Amino acid sequence: MRYSIKKVSTISLPLVLVFFLFGASTAQPEKKSNDKILSRGGHQSLSAKTGRGENVRVIVKVTAPFKPMAETASPQSRQQMGRIASTQDALLSELSTKKMPRAHHKYRYVPYIFMEVDGPALEALIASPLVEYIHEDTPKKAHLGQSVPRIGAPTMWSSGYTGSGRAVAILDTGVDKNHPFLAGAVVSEACFSSTSTTSTCANPGDPFYPCESTSHPWTVESICPGGVTSSTANGSAMPYGGTCPLDPDHIPPIQECDHGTHVSGIIAGRQNVTGSSGPGGAPGAGIIAIQVFSRFNLDADCGGAGSAPCVMAYDSDIIKGLDRVYELSSTISNIAAVNLSIGGGQYFSAAECDTNEGPTKAAIDNLKMAGIATVASSGNDGYCDSMEAPACISSVVSVGATTDSDTVAPDSNSASFLSLLAPGSLITSSVPGGGYEEKSGTSMAAPHVSGAWALIKHARPFASVDQVLASLTSTGLPVTNSKCGQVTKKRIIINQALNTLNSGAPLVKTEAADGIGNDSATLHGTVNANGNNNTTVTFEYGTTPAYGNTVSAAPGTVSGNVNTPLSAAVTGLAPNTFYHFRVKATTPGIGTSYDNEMTFSTSGPCGSIADGSFEESLSPSPAWDEHLSSLSPLCDVTDCGTDNDTAGPRTGNWWAWFGGTSATEYGSLIQDIIIPSGSAPRLEFHLWNGRSSGNGTDVFSVMIDDTEIFSSLEGNPLFTGGYTLASLDLSPFADDNSHTLVLQSSTNAINWTNFSVDDVSMSCVTGAVPAVATGPAVSVPGTGATIYGSVLPYGTDAYVIFDYGTTTQYGSTVTATPGTVGGNTLTAVSAALTGLDPGVTYHYRIRGQNAVGIAYGVDGTFPSTCPAAEAKIGGTNYTDIELAVSTAIDGDEIRMNTALFSGPGSTPVNPVFAGNGTVTLKGGYDCAFSQNPNFSTIIGKITFGGGKTVIIENIVIQ
């Protein structure tokens, strides 16, 4: 355990998690249960459900740094994903020692995990320092004429903008891709749906809506084809491929999964289709069909007696769908928008909504950074001051519904923070099976905006989400909700919005840098002058988001409406340094546009680790993100002290100390590094496992991005005898790009384990690990042996030792003779062992290590022997031997019988020795006796022929 406390600045209370992010130290006190649970009703609501024996579905935010990222494949995105994954894994590892969730899903792009938990698991989550917030996973419902001409779509079509080459993702009840109105429209499919025994019933004692039993095996079940809970296969988003309710005889008819096909037709219904009332808003756009609904089989869940079955979408499945769109953005270019005609709850402000709907907001923010708008229906409750989620989220484009007479639909939710209005009354569109139906609601209004987004992005592909939204809100038809006083919003007119964009500031896009070297890089981007002349283009860059440096782009001036590629070569950069950059375009008299920043890191000939010996400054280090459940991982002798349990620094005054407590602890050090291509880059560090708990589960590991490249369980003999060099091959990651290095440990609350790390570095090494072979062993009588082996160092000096011990875990090492071997010749080595336990089988192997890595020989064994115990009595006058043991005559020796020996006091036996001379008493007794100090002497007498006797007293057997 840790015996000394760090300085006051880092003293923590139990279960406090101290974060050191981006060089800043923030002590975060333990959250109480009601602080961590952000869902309405808080801890009381969830614990009431678990108290009734129910599992609860929750979405857990882990304590990993998060910033919305523009691209899934960018270096910074990969780094963040690695940090998210390592924290998620640490939490699941912690729960494995307590109470694992019944089910879970790790989100890849946002720092959340979906879990289905019982009471003990919920309390374990609340207590964990790796958990920041807990949200209940609540279900949301689908929000339920010639509207397209009214919003100006035909004018866009006549200009050649149909949404061609753009796609809209529709998270809904699935899409009938075989419908003639949608022929060829679906470009990707997925299904995320839940199967669970968890009920959302909140009033188990309610006589009208009790939590009744069901004949179905599940209270909630997946409606994906085949009943799976996740699929991206062909046909996975077909609306009735699974068990979605379809009961035309029900009053009213239950055709629960028609909704998504209807929404899709509004967005991208094709032109000139017989039987249709006209095309959708963006008839050239593609559809990414993602089914996110599940079947609920209890009346209490569906809204009252006789209401089941129904379909609703869990937040956890909606987020899976949003993550799928974000993932597809790297392969399906020009995704314009995501349509969510889904909602639930009531929120009176965007701030309240952002807090309670944090998991969904994080996924939406990623999409917005990638240039993809999320469009959601406001809900059909008739609210004047509030909306449902997810429309209420601040980064969502929220849409209310208008009628054919351009008044706000009576049931449409309105609020001051509503974004837009669009037609939503009596909208005719496609339904599964080839037919068409009229439907009304904000569900029909949102896809009008999503289709409009595809048209505008067709015309102006580099317009940002905020720019497109501003063009729509600054134009269009003002409509006041007379029921709600002064709530006035714009009903969209797409061609007017495009005209605003055409006369506005230039449109820019920052793209990835390449040609990255030690001190140089080439920056890239694209600009559209947006119909203007003499737009000047530069790149801003620097080591912080404040940039500080500017370089002219080539070309430096652009005009017109052409998307022009840009580049700029920058030199004089610092090696192994992280840089930020972005495009800046200025049109005189119009304005200046900036795109989101991109980043890159310069390389070095071998790569480097910043502050790899942890000496550059007091903790927290500016080079490392530090995470530990109790204290900072970085220690110096003054703050942490040293004792038999921890190694202390290998060099200098500072080292990294993980563990050292009898509490469960997870720690990590994180740094972004450039891994250069070329000459076999390696990561090297020194590790010492100073003390082990003995439970065999505590572990130290190293990750690159989300891939584990090294792990060592406690008690590994390679790292228990002192600091030992570990050398890891990084060539699989050697691409001159930035990667996330994570040094991490997990120790459980059983006694304590200490891992110490120091002197982390990168090197470029050529050659190979030495070739080694374990040779024979020769036992030395008594407590010794000599072991042999051979090593071929391949031209690089190799350090050679032997591991040995009574098990294949070894536990002891001895330096070979010679201890260092060089050249390209096979060299014999050996080592003498002493102080062995007698009569035991020993294991041993050779180990050779050079700058490239470590090689181990196969396991060998040998038995140690018992020491020979003897006492010599000389003379010619001794004629008789009497011992308190059984004896046997063997030539001129009297040998004691092992099996019958029982120490002084045994029945005397008086063998006769015929002859004179020296008599040797040899101990043939077992090794256990030879080690027993209570039986280390012989007391007796020797009698020779002629009756002469000598008394033997206290003859010590050595």
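Predicted model: local features only at pLDDT ≥ 70, side-chain atom pairs only at ≥ 80, totals over all residues.
**Disulfides and nonpolar cores**

The link of C302 and C310 is left-handed, with -90° about the S-S bond. C302 counts as buried because its relative accessibility is 9%, and C310 counts as buried at 7%. The cut-offs are under 20% relative accessible area for buried, over 50% for exposed and partly exposed in between (1.4 Å probe, protein chains only).

The structure holds five disulfides, and two others are worth a look here. C191 and C224 form one, their sulfur atoms 2.0 Å apart. Their link is left-handed, with -95° about the S-S bond. This pair connects distant parts of the chain, 33 residues apart: C191 sits in strand β9 (residues 186–192), and C224 in the loop between β10 (220–222) and β11 (230–231). Strands (E, at least two residues) and helices (H or I, at least four) are DSSP runs, numbered from the N terminus. C191 and C224 are both buried.

C244 is joined to C257 by a disulfide with an S to S distance of 1.9 Å. Here the link is right-handed, at 100° about the S-S bond. C244 lies in the loop between β11 and β12 (246–247) and C257 in the loop between β13 (254–255) and α6 (259–268), so the pair ties together parts that are 13 residues apart in sequence. Both C244 and C257 are buried.

Then there is the packing. A nonpolar core is taken as a set of buried Ala, Val, Leu, Ile, Met, Phe, Trp, Tyr and Cys residues joined through side-chain atoms within 4.5 Å. The largest one has 53 residues, and those with the most contacts inside it are I287, V449, W453, L472, I492 and I494. Helix α11 (residues 442–459) gives the most to this core, with ten residues. Setting aside neighbours within four places in sequence, I494 is in contact (heavy atoms within 4.5 Å) with I151, A153, M156, A452, L455 and I456. A second, separate core has 52 residues, including I288, A313, L322 and Y326.

Notes
Residues numbered from 1 in each chain as written. Heavy atoms only, no water. Disulfide = S-S within 2.5 Å.
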